[in-house]
Amino acid sequence: MLRRKTNGREDADSVKPDRKKTSEDSAVPHVTVSQRSCWAVVSFWTKVLLFIIFTPAFLNYASLQREGQVLSPTGAQLIDIGLGQQIHLLCKGYGRPVVFLDAPAGMSSDIWYHVQESLSLTTKVCTYDRVGLGFSRRTLQNETTGTEKVWGISTTGRMVDDLHRLVKAADIATPFILIGSELGTLNGRFYSHIHDTQVSDLVLIDPIPEEVFEEEKWQQFWYSHLVPSLQMMQFSAAAGLSRLLIILGLLKPVIQGDDVSEEILQRQKYLLCNPAHQSAAVDEHFFLNESASQVREISRYKPLSSKTSVHVITGESFDDQLPSDLNQVVAELQSKFLERSYPSANHIQIRGADRHMIYKNPSSVIKYLHKLVSQRQSNQQRQ
């Protein structure tokens, strides 16, 4: 009897672990299902996030390929200047002297739209896109031949070298009138000092004085505010966000107005969405200090020929959107620079204008340029 009871207890005890084990085993599938469910949710939202991130960039890239082919200006040429590089050149009108226009930092040749259209009624006017900007594709690193080691990429020395080869390759009649704005003034000065026989008149619109980057206030503004904002524009273009902002009306081209064609507007939107163009714009601004140093050195090495006349056009301020102290810094340095480098220059100051005048208030600039062209044409007829 005792043995039977014992056996009964043993049987009962032996059953209990089995029940406990069965209970533990049944919990395992629930945990696994729960984990799988969490991973499925994470995986789904990760895919959604990746879709949101990459779809605008992909669609923007596809659109850029199509737009790049259809938005190139009518009558423009891609000129092979050697070194595997092609420069976008647009010339309008006929006659001499030829007028050559060089744009501000980070801007394509469209910025001269109003000026070119007006001046081309009386003579031949040419604009071009510097390397990387507009429709001038930047040469890939492995396609270069080492010229950038002499003059850093996106610096005035390199730009002037490109411009000189462009003038030769396109067979531009010389001497011509060379007009530059902002960074274009540094390029124009460098070019005129080196190739003085090719330039009859040098026109500097809002020239950048070389010493401006020695001022702490200006350095702070340029490299802590302006350049980072341009880098954000580059990122926005690469991510496809710029196209969305344009569609929503939150981002607009700088060239606007009733007299601006739809083609120009669409081309400006294309460039805002083009990360290659935005990258070149960042580089030109970032290396502007180096460009200024190059011009200062070349001016000391080779003074400007007395046969080249210099004309300077400035507004009442450098930039209406900048604080007054920064505008004051530029104004003082411009005055010292002109007195030192071009004391006999014809200086014209336009009221109510700033560095954006060539596209916001072009008529004030065009009036003086027409007068200059007319004077040169009269001199040619006498000769």
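How many helices and strands are there in the protein? There are 13 helices and eight strands. The model is a predicted one, so every value below is computed from predicted atoms.

Start with the whole chain. The protein has 383 residues, and 47% of them are buried. Next, look at contacts between residues at least 6 apart in sequence. Of these, 78% join residues at least 24 apart.

Now find helix α5, which covers residues 183–194. How far apart are its end C-alpha atoms? The answer is 17 Å. The helix has twelve residues, and at 1.5 Å a residue they should span 16 Å, so the two values agree.

One partner of α5 is helix α10, residues 288–301. For α5 and α10 the angle is about 25°, and the axes are 10 Å apart. An angle under 35 degrees counts as roughly parallel. That is why α5 is called roughly parallel to α10. The crossing of α5 past α10 is left-handed.

Which residues meet where α5 packs on α10? From α5 come L183, L186, R189, F190, H193 and I194. From α10 come L288, S291, A292, Q294, V295, I298 and S299. Sorted by class, this contact holds eight nonpolar residues, four polar ones and one charged one. Look at the spacing of those numbers along each helix. An α-helix has 3.6 residues a turn, so residues three or four places apart point the same way.

Helix α6 spans residues 216–238, and helix α11 spans residues 324–341. Their axes come within 10 Å and cross at roughly 115°. This crossing is left-handed. On the α6 side, the contact uses K217, W218 and F221. On the α11 side, it uses D325, L326 and V330. Four of the contact residues are nonpolar, none is polar and two are charged.

The loop between β5 and α5 holds E182. E182 is not a glycine, yet its phi is positive, about 55°. Is E182 buried or exposed? Its relative accessibility is 4%, so E182 counts as buried.

D171 sits in the loop between α4 and β5. D171 also is not a glycine, and has a positive phi of about 55°. Its relative accessibility, however, is 66%, so D171 counts as exposed.

The loop between α4 (156–169) and β5 (176–181) also holds P175. The peptide bond from T174 to P175 is cis, with omega near -5°. Another cis peptide bond joins R96 and P97, where omega is about 0°. P97 belongs to the loop between β2 (85–92) and β3 (99–102).

P97 leads on to V373. V373 lies in helix α13, residues 362–382. Which residues does V373 touch, leaving aside neighbours within four places in sequence? They are P97, V99, T122, T123 and I177. V373 has 3% relative accessibility, so it counts as buried. V373 and D201 are 172 residues apart in sequence, but their C-alpha atoms are 9.6 Å apart in space.

Finish with E284, in helix α9 (residues 275–286). At 2% relative accessibility, E284 counts as buried. What surrounds E284, beyond its neighbours within four places in sequence? Its contacts are P104, A105, G106, R130, L133, S154, M159 and L183. L183 brings us back to α5, where L183 is also one of the residues that meet α10.

Terms used: Residues are numbered from 1 along each chain as its sequence is written. This is a predicted model: local features need pLDDT of at least 70, side-chain atom pairs count only at pLDDT 80 or more; totals for chains, interfaces and linings use all residues. Side-chain values use heavy atoms; hydrogens and water are left out. Axes are lines fitted to C-alpha atoms, for helices over the stretch in contact, and angles run from 0 to 180 degrees between N-to-C directions. Helices (H or I, at least four residues) and strands (E, at least two) are DSSP runs, numbered from the N terminus. Angles under 35 degrees count as roughly parallel, over 145 as roughly antiparallel, 65 to 115 as roughly perpendicular and the rest as oblique. A crossing is left-handed if the near helix is turned anticlockwise from the far one by less than a right angle, and right-handed if clockwise. Contact means heavy atoms within 4.5 Å. Ala, Val, Leu, Ile, Met, Phe, Trp, Tyr, Cys and Pro count as nonpolar, Asp, Glu, Lys and Arg as charged, and the others, Gly among them, as polar. The expected span of a helix is 1.5 Å times one less than its number of residues. Buried means under 20% relative accessible area, exposed over 50%, partly exposed in between (1.4 Å probe, protein chains only).
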